[in-house]
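This report looks at strand pairing, helix packing, backbone angles and charged side chains. The structure comes first.

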Amino acid sequence: MKIAVLSGKGGTGKTLVSVNLAAAAKTSTYIDCDIEEPNGHLFFKPENTQEEEITINIPKVDNELCNGCRKCVDFCKFNALAYIKEKLIVFEEVCHSCGGCILFCPEEALTEREKVIGKVQKGTSDQVTVYTGILNTGEASGIPMIKKLLHENTPPSNKLTFIDCPPGSACMVMDSIKDADYCILVAEPTIFGVHNLNMVYELVKLFNKSFGVVLNKCVEGDNPAERFCVEKNIKILSRLPFDSELGILNSNAKIAVRENEKYQALFSSLLEIVQEEVQHETTSHS
Ligand code: SF4
Ligand code: SF4
């Protein structure tokens, strides 16, 4: 069972929820797809780590064969090619590795070369298998790394997998939730939080995913994110309190469920609710 945890912006509590759910589940897999700023490994401190470089193919020009027709330049929608002073220049930082220019070149002057865009680490923390994608700074797209993390490291289907998605609702998030059985949307109790929640709400609806909301940093009084859920008839899975003890544990990169039975109970109960939701969805669709 794959559970994706997402939010419209960073700092909402996405990693807090996914890390603690994975730890509460005991035997599980945690995949950090927030590859521009991965921090799940800071909590898990995985041991026995293995590393693998992730590469993409980008074009390489043979200036002897290139006749300067500029067909490849016109073709590239990412402006990654320019023909300047009788030379084809490849701006590899913005190349999305689509390979189209190579197919399009009538002179076969373009071939592929590998470029490293980052690395994937795998390790263990108690009974949690931890995968971390680390994208090099300035890379145009992390999609190949997300694919590697999610599709080539598929754990057994009976194992619980928690996907810590990138923030927002762009392509990398879409790829991260594509195969998820359930999505947890994490929201803050502010008007701005509602705006961010709405972004991911629209996304999971578009992908026709089953989902529920975790309201984070809840205090007494009005909660605009909660009002949004009630208005839209969205299932509220849990209300995590605005709690200084939890905040201190989190800011010290401690996994709350491993430190305190109160949090073990809180996240185990959330996990139970999510599993029931998935079960319910599976039964009602079969
Ligand atoms: S399409 Fe081929 S021949 Fe034309 S400019 Fe590009 S690399 Fe050169
Ligand atoms: S591979 Fe695609 S993105 Fe990269 S330069 Fe060629 S056409 Fe542009």
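A residue is called buried when its relative accessible area is under 20% and exposed when that area is over 50%, with partly exposed in between. The model described here is predicted.

## Residues with positive phi

Asn233 has a relative accessibility of 71%, so Asn233 counts as exposed. The residue is found in the loop between α8 and β11, just after α8.

Asn208 belongs to the loop between α7 and β10. Its relative accessibility is 69%, and therefore Asn208 counts as exposed.

## Helix α8

Helix α8 spans residues 224-232, and Pro224, Ala225, Phe228 and Cys229 in this helix are buried. Viewed down the axis of α8, the buried residues fall within an arc of 145°, so they line one face of the helix. On the other side of α8, Val230 and Glu231 are exposed.

The cover over the buried residues of α8 includes β9, α7 (191-206), β10 (211-218) and β11 (236-241). At the N-terminal end, α8 is capped by Asn223, which places a side-chain oxygen 3.0 Å from the backbone nitrogen of Ala225.

Strand β1 covers residues 2-6, and five of its five residues are buried. Lys2, Ala4 and Leu6 point one way from the strand, while Ile3 and Val5 point the other way.

β1 runs parallel to β8, and four bridges join the two. In this pairing, Val5 stands opposite Asp164. β1 also pairs with β9 (residues 182-187) in the parallel sense, over four bridges. Here Leu6 stands opposite Leu185.

Apart from neighbours within four places in sequence, Lys159 is in contact with Met1, Thr27, Ser28, Thr29 and Thr129.

## Salt bridges

The model contains 16 salt bridges. One of them joins Glu139 and Lys115, with the closest N and O atoms 3.0 Å apart. Glu139 lies in the loop between β7 (128-135) and α5, and Lys115 in strand β6 (residues 110-125), so the pair ties together parts that are 24 residues apart in sequence. Glu139 counts as buried because its relative accessibility is 15%. Lys115, at 10%, also counts as buried.

Lys147 and Asp175 form a salt bridge in which the closest N and O atoms are 3.1 Å apart. This pair links distant parts of the chain, since Lys147 is in helix α5 and Asp175 in helix α6 (residues 171-177), 28 residues apart. Lys147 counts as partly exposed at 35% relative accessibility, whereas Asp175 is buried with a relative accessible area of 10%.

Within helix α7, Lys205 and Glu202 are three residues apart, about one turn of the helix. Their side chains meet in a salt bridge of 4.0 Å, N to O. An α-helix has 3.6 residues a turn, so residues three or four places apart point the same way. Lys205 counts as partly exposed at 42% relative accessibility, and Glu202 is partly exposed with a relative accessible area of 38%. Elsewhere, Lys9, Glu188 and Lys217 are linked in a network of salt bridges.

Definitions and conventions: Residues are numbered from 1 along each chain as its sequence is written. Chains are lettered from A and ligands numbered from 1 in the order in which they are written. This is a predicted model: local features need pLDDT of at least 70, side-chain atom pairs count only at pLDDT 80 or more; totals for chains, interfaces and linings use all residues. Side-chain values use heavy atoms; hydrogens and water are left out. Contact means heavy atoms within 4.5 Å. Buried means under 20% relative accessible area, exposed over 50%, partly exposed in between (1.4 Å probe, protein chains only). Two strands pair if DSSP finds at least two bridges between them. The arc is that of the directions from the helix axis to the C-beta atoms. A polar contact is a pair of N or O atoms within 3.5 Å; within protein, one must be able to donate a hydrogen and the other to accept it, and residues adjacent in sequence count only if both atoms are side-chain atoms.
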